[in-house]
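Colleague: Could we go through this model together? I would like to begin with helix packing and then move to individual residues.

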Amino acid sequence: MTTDRKTLVRRTPWPHSASRPVGTPIQPSVVYAAADPDALDAQYEGRTQGYAYAREGHPNADVLASMIDGLEGAEGGLITGSGMAAVAAVLLGVCRTGDHVLGGDQLYGRSLRMMREDLPRMGIAIDLVDPTDAAAVAAAIRPETRMMLVEVVSNPTLRVADMEGIARVCADRGVLLVVDNTFTTPRGYRPFDQGADIVIHSVTKLLAGHSDATLGYVAARDPELQAAIRVFAITTGMTPSPFDCWLAERGLYSFPLRYDRAEANAARLADHLAGLPGVRRVLYPTRPDHPDHNRARALLGDRGGHMVSFEVEGGRAAANRLTRGAPQLAFAPTLGDVGTTLSHPPSSSHRGLTPEARAALGITEGFFRVSVGVEEIDLLLADFTEAIAAAHG
Ligand SMILES: *Cc1c(COP(=O)(O)O)cnc(C)c1O
């Protein structure tokens, strides 16, 4: 009896197989056993390749990182435990007290919060500027400006940043250009080809694509900067879960297909919504009535992305009827899922703003942002016809 129990708790070696698995195995091991201290020295000194402790790196994260590296034209990218961990690794892992950081004035809400609340607490000054205006960006740069964080397409009004102008200004003035490429994805825009120094992703969104993994990615063009970001992420425990990495890798195989389908759906949906009674306006970058239409064309070609925003007449009451009238369209504050999701910025991402500040951005109570999924287009258009009718029913 006692002997049996001992046998039960003894670790059993991984079975040998002359053939290799085609699907990536999940490797949840926290720790790795080395042969002897000399072997460990060789590993830590980079003479051999190996893992030691999962917080410092594990195979599932590395497989996923190299796939995203391939999409972004990067090398040595890092996977973090969330998109916000990637943002934090860059802002806090690179900047020091006395630095100044610029950010787009319509960044992702949590990124804005980190800029406004956390950086100043650490003696890092910030300014938020309109990224559609490169002259405003240039005017805000100071001698101590270390970096500018920008998103190519803003949330939720889908304004398109003057990336060419910003890249020129940043290069001229020695400011690191950091691009959060979550919305555009490497299929819509490749920041490293356009002068970016650092690229960030919330892998949680389109890249993983199934709303079942929370992850981030960060890559820097300069290997020394990348190493500093990696060490900071390890020290502060931004490590991703192997299972989430495995799920995201699985999702990533279909990312190009999902993206192309969602984008084609979004372009069709935008035109459809614009023709429905009770819809006051539709925002989609490649539509001629978009405020940044020409820049969107120049920057993104015909790639308008998978996000559409629109405004219904009738204020909050109509908005309530709209979401209740279309329960098949998940009313959920995320984006990039295989299924279409609806978000209502005045009650979620932008609820912290005053109604006046929201109005200045054009975000009224009838404003919705749609993350378009990969559904059959006819079904999707019918769902929205029904939802808009319900809003005014
Ligand atoms: C969601 C998102 C983030 C944060 O990512 P998480 O994985 O939710 O932490 C950062 N930037 C953008 C543009 C996002 O959409």
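Colleague: At what angle do helix α4 and helix α9 pack?

Modeller: First, a note on the source: this is a predicted model, in which local features need pLDDT of at least 70, side-chain atom pairs count only at pLDDT 80 or more, and totals for chains, interfaces and linings use all residues. Residues are numbered from 1 along each chain as its sequence is written, and side-chain values use heavy atoms, with hydrogens and water left out. As for the helices, α4 (residues 83–94) and α9 (residues 223–235) pack at about 105°, and their axes are 9 Å apart. That angle makes α4 roughly perpendicular to α9.

Colleague: How are the axes, the angle classes and the elements defined?

Modeller: Axes are lines fitted to C-alpha atoms, for helices over the stretch in contact, with angles from 0 to 180 degrees between N-to-C directions. Under 35 degrees counts as roughly parallel, over 145 as roughly antiparallel, 65 to 115 as roughly perpendicular and the rest as oblique. Helices (H or I, at least four residues) and strands (E, at least two) are DSSP runs numbered from the N terminus.

Colleague: Which residues make the contact between α4 and α9?

Modeller: With contact meaning heavy atoms within 4.5 Å, α4 contributes Ala-88, Ala-89, Val-90, Leu-92, Gly-93 and Val-94, while α9 contributes Leu-225, Ile-229 and Phe-232. These divide into 8 nonpolar, 1 polar and no charged. Here Ala, Val, Leu, Ile, Met, Phe, Trp, Tyr, Cys and Pro count as nonpolar, Asp, Glu, Lys and Arg as charged, and the others, Gly among them, as polar.

Colleague: Turning to the cysteines, how many disulfides are found?

Modeller: The search of the whole structure finds 0 disulfides, a disulfide being a pair of cysteine sulfur atoms within 2.5 Å. For Cys-95, the closest cysteine sulfur is in Cys-170, 13 Å away, which is too far for a bond.

Colleague: Where is Cys-95, and what does it touch?

Modeller: Cys-95 is in the loop between α4 and β2 (100–104). Leaving out residues up to four places away in sequence, Cys-95 touches Val-90, Val-101, Ile-124, Arg-146 and Met-147. Its relative accessibility of 9% counts as buried; buried means under 20% relative accessible area, exposed over 50%, and partly exposed in between (1.4 Å probe, protein chains only).

Colleague: And Cys-245, is it buried or exposed?

Modeller: Cys-245 is buried, at 0% relative accessible area. Cys-245 is one of the buried residues of α10. Because 8 of the 11 residues of α10 (residues 242–252) are buried, this helix is largely enclosed by the rest of the structure. Its buried residues pack against α3 (59–72), β1 (78–80) and α11 (255–274).

Colleague: What does UniProt place at Lys-205?

Modeller: The unreviewed UniProt entry gives "modified residue: N6-(pyridoxal phosphate)lysine" at Lys-205. UniProt positions are in the numbering used here, feature names are shortened, and annotations may be inferred rather than shown by experiment. In the model, Lys-205 is in the loop between β6 (198–202) and β7 (216–220) and counts as buried at 9% relative accessibility. Not counting residues up to four places away in sequence, Lys-205 touches Tyr-108, Thr-182, Thr-334, Leu-335 and Gly-336.

Colleague: Which peptide bond is cis, and where does Pro-156 lie?

Modeller: The bond from Asn-155 to Pro-156 is cis, with omega near 5°. Pro-156 lies in the loop between β4 (145–151) and α7 (163–173).
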